Amino acid sequence: MTNRLRVLRAERGWSQQELAERVGVSRQTINAVETERYEPSLSLAFKLAAIFATTIEELFEPGR
Amino acid sequence: MLESPRRKPLSGALMFGVGVGWVVVYIVCLLVVKETDVPRGVGIALAFAPILPFLAFLRMLGRVSREADELHQRVQLEALAFAYPAMMVLLMTLGLLELVVPLSPDDFSLRHLWAYMPALYFAGLALAWRRYK
């Protein structure tokens with residue numbers, strides 16, 4: 001699964017740590033999602049989509 | 001969606017302290033039982049004594065695991081999924097081996113084998129983190 005997390009985070013000028021604090025996970029989790037080594041739970045995917053005011057479908061794409 | 005109120009996170013120093021306390025109690029009990037001539041009843045009580053600080057440590061460990069974020073929980077699960085079967089294989093292999101080769105109780109008694117468990121757990125932890133870093 002691919003995602004646009006890094007792009008959206010960069011657009012807002014947030015660090016991984018800042019985003020992690022906003023969604024209540026560790027920086028390592030954000031890093032692992034961004035590098036596509038880890039696929040988040042549905043609950044975390046919803047939180048991430050809400051933070052970026054988008055939908056899960058816009059944020060994550062099936063593929064690879 | 002309502003979030004449940006968060007409890008204050010456990011301090012790492014407190015958890016480390018309780019863990020060290022457990023190991024210290026174990027070592028003291030081991031030395032007393034091994035090196036002194038205690039009555040059998042006292043010896044049995046000392047053999048069970050480390051369970052109390054261990055329970056305190058286990059309670060903290062459970063809380064930390066429950067409060068960890070999802071990636072950390074997954075890493076812990078993968079570490080245990082490695083360590084548990086690896087320990088089982090080690091015990092099975094030693095069991096077979098001792099049928100053909102006398103294993104020295106100074107190296108392979110139950111008093112020593114537990115030490116392989118944290119070693120395998122930390123190996124599993126390192127392997128799991130390598131996957132997600």
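Reader: What makes B:Glu67 partly exposed?

Author: In this predicted model, B:Glu67 has a relative accessible area of 37%. Buried requires under 20% and exposed over 50%, so B:Glu67, at 37%, is partly exposed.

Reader: Why is the contact of B:Arg63 and B:Glu67 called a salt bridge?

Author: The criterion is a side-chain nitrogen of Lys or Arg within 4 Å of a carboxyl oxygen of Asp or Glu. The side chains of B:Arg63 and B:Glu67 meet at 3.2 Å, N to O, and therefore the pair qualifies. B:Arg63 and B:Glu67 are four residues apart in helix 3 of chain B, so about one helical turn separates them.

Reader: How do you know that B:Arg63 is buried?

Author: The relative accessible area of B:Arg63 is 16%. Since buried means under 20%, B:Arg63 is buried.

Reader: Why do B:Glu78 and B:Arg74 count as a salt bridge?

Author: Their side chains meet at 3.4 Å, N to O, and the limit is 4 Å, so the pair counts. Both residues lie in helix 4 (residues 70-100) of chain B, four residues apart. B:Arg74 has a relative accessible area of 38%, which falls between 20% and 50%, so B:Arg74 is partly exposed.

Reader: What makes A:Glu34 and A:Arg9 a salt bridge, and which parts does the pair tie together?

Author: The closest N and O atoms of A:Glu34 and A:Arg9 are 2.4 Å apart, so they meet the requirement of within 4 Å. A:Glu34 lies in helix 3 of chain A and A:Arg9 in helix 1 (residues 5-12) of chain A, so the pair ties together parts that are 25 residues apart in sequence. Relative accessible areas of 7% for A:Glu34 and 10% for A:Arg9 are under 20%, so both residues are buried. A:Arg6, A:Arg9 and A:Glu34 are linked in a network of salt bridges.

Reader: Why is helix 3 of chain A described as mostly covered?

Author: Six of the eight residues of helix 3 (residues 27-34) of chain A are buried. Among them are A:Thr29, A:Ile30 and A:Val33.

Reader: Why is helix 1 of chain B called roughly antiparallel to helix 3 of chain B?

Author: Helix 1 (residues 12-35) and helix 3 (residues 51-67) of chain B pack at an angle of about 150°, with their axes 8 Å apart. Angles over 145 degrees count as roughly antiparallel, and therefore this pair of helices is so described. Their crossing is left-handed. By class, the contact has twelve nonpolar, one polar and no charged residues.

Note on methods: Residues numbered from 1 in each chain as written. Chains lettered and ligands numbered in written order. Predicted model: local features only at pLDDT ≥ 70, side-chain atom pairs only at ≥ 80, totals over all residues. Heavy atoms only, no water. Axes fitted to C-alpha atoms, helices over the stretch in contact; angles between N-to-C directions. Helix = DSSP H or I, 4+ residues; strand = E, 2+ residues; numbered from the N terminus. Parallel < 35°, antiparallel > 145°, perpendicular 65-115°, else oblique. Left-handed = near helix turned anticlockwise from the far one by under 90°. Nonpolar A, V, L, I, M, F, W, Y, C, P; charged D, E, K, R; others polar. Buried < 20%, exposed > 50% of the residue type's maximum accessible area, 1.4 Å probe, protein only.
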